[in-house]
Amino acid sequence: MSLEDPFFVVRDEVRSSLGHAQQLYRKWQALLNDPGKSGGDEYEWTSKELLNQLRSIEWDLEDLSETVSVVEVNPAKFRLTPAEIQTRKSFIYETKDSVKQMKEHVSSPEVKSKVEQNHRKSLLGQQPKKKDKYTRLDNAIEDDNQRYIEGQHEQQQMIMQTQDEQLHLVGQSVKVLKNMGQEIGNELEDQNKMLDEFTEEIDNTQSRLDYTLHRVEKVLRLADDKRQMCVIALLLVVVVVVVLLMAFTL
């Protein structure tokens with residue numbers, strides 16, 4: 001197995017990101033259980049950072065899943081055993097499950113309700129025990145502040161949702177480009193096979209041509225040998241005739 005296998009590079013990055021996400025998750029839980037901090041700026045920042053981290057891990061896991069699917073079609077080509085492929089699939093499944101649990105907990109309605117309750121308790125705890133003529137004004141100001149906080153929270157949620165949609169579109173574009181790259185690679189591989197077959201056919205044709213030329217050359221040599229024998233025989237006949245004529249003349 002190659003030490004430069006990209007699966008292990010991405011896997012290590014996913015493990016590091018998951019460890020950071022788990023730290024943020026524990027911090028988020030502590031802030032959630034603290035009525036004085038639940039719903040505050042630190043809580044909102046931690047929630048947003050945690051969700052962004054989990055989304056990043058999900059994208060990496062999608063890439064890993066695609067690579068495993070490609071390898072699973074032809075494991076011999078990548079020199080992987082079924083056990084190794086199953087180990088990779090198990091890592092992806094377990095990591096997805098951990099990410100899913102944290103994401104569902106952070107986005108659950110129960111958590112949102114608890115944050116609102118803690119915020120109300122925090123506001124009630126800050127109210128003065130003795131009422132005076134400014135109590136009604138203070139309550140109005142607190143209501144305005146509460147509405148402003150809720151409005152800001154909803155606006156942040158809408159911004160996050162828009163960012164998610166845009167990132168999803170980017171992810172789809174990346175998948176399309178990746179599929180195009182794979183198709184181009186397969187096409188080049190097919191063309192290389194066709195070139196190899198064409199080269200082999202040319203070699204076979206050249207061998208047959210060389211054999212044919214050799215046979216023709218051999219035939220031509222035999223024809224030359226036959227002509228030489230005819231000339232020699234003719235000369236012998238002429239010599240015999242001349243000798244006989246000289247003999248009769250004497």
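Visitor: What makes a helix crossing left-handed?

Guide: A crossing is left-handed if the near helix is turned anticlockwise from the far one by less than a right angle. In this predicted model, H1 passes H3 in such a left-handed crossing.

Visitor: Where do helices H1 and H3 lie in the chain, and at what angle do they pack?

Guide: Helix H1 spans residues 6–32 and helix H3 spans residues 82–106; they pack at an angle of about 25°, and their axes are 11 Å apart.

Visitor: Why is H1 called roughly parallel to H3?

Guide: Angles under 35 degrees count as roughly parallel. The angle here is about 25°, and therefore H1 is roughly parallel to H3.

Visitor: Which residues of H1 and H3 meet?

Guide: On the H1 side they include Phe7, Phe8, Arg11, Leu18, Tyr25 and Trp28, and among their partners in H3 are Arg88, Phe91, Ile92, Met102 and His105. By class, the contact of H1 with H3 has 12 nonpolar, four polar and three charged residues.

Visitor: Why is H1 described as roughly antiparallel to H2?

Guide: The axes of H1 and H2 cross at roughly 155° and come within 9 Å. Angles over 145 degrees count as roughly antiparallel, so H1 is roughly antiparallel to H2.

Visitor: What is the handedness of the crossing of H1 and H2, and which classes of residue make up the contact?

Guide: H1 and H2 cross in a left-handed manner. Their contact comprises 18 nonpolar, six polar and five charged residues.

Visitor: How do you know whether Ser47 is buried or exposed?

Guide: Ser47 is found in helix H2, residues 41–73. Buried means under 20% relative accessible area; Ser47 has a value of 10%, and is therefore buried.

Visitor: What makes the approach of Ser47 and Trp28 a polar contact?

Guide: A polar contact is a pair of N or O atoms within 3.5 Å, one able to donate a hydrogen and the other to accept it. The side chains of Ser47 and Trp28 are joined by such a contact of 3.0 Å. Trp28 is also one of the H1 residues that meet H3.

Visitor: How many helices and strands does the protein have, and how much of the protein is buried?

Guide: The protein has five helices and zero strands, and its elements run α-α-α-α-α from the N terminus on. Of its 250 residues, 18% are buried.

Visitor: What share of the contacts with a separation of 6 or more joins residues 24 or more positions apart?

Guide: Such residues account for 74% of those contacts in the protein.

Notes
Residues are numbered from 1 along each chain as its sequence is written. This is a predicted model: local features need pLDDT of at least 70, side-chain atom pairs count only at pLDDT 80 or more; totals for chains, interfaces and linings use all residues. Side-chain values use heavy atoms; hydrogens and water are left out. Axes are lines fitted to C-alpha atoms, for helices over the stretch in contact, and angles run from 0 to 180 degrees between N-to-C directions. Helices (H or I, at least four residues) and strands (E, at least two) are DSSP runs, numbered from the N terminus. Angles under 35 degrees count as roughly parallel, over 145 as roughly antiparallel, 65 to 115 as roughly perpendicular and the rest as oblique. Contact means heavy atoms within 4.5 Å. Ala, Val, Leu, Ile, Met, Phe, Trp, Tyr, Cys and Pro count as nonpolar, Asp, Glu, Lys and Arg as charged, and the others, Gly among them, as polar. Buried means under 20% relative accessible area, exposed over 50%, partly exposed in between (1.4 Å probe, protein chains only).
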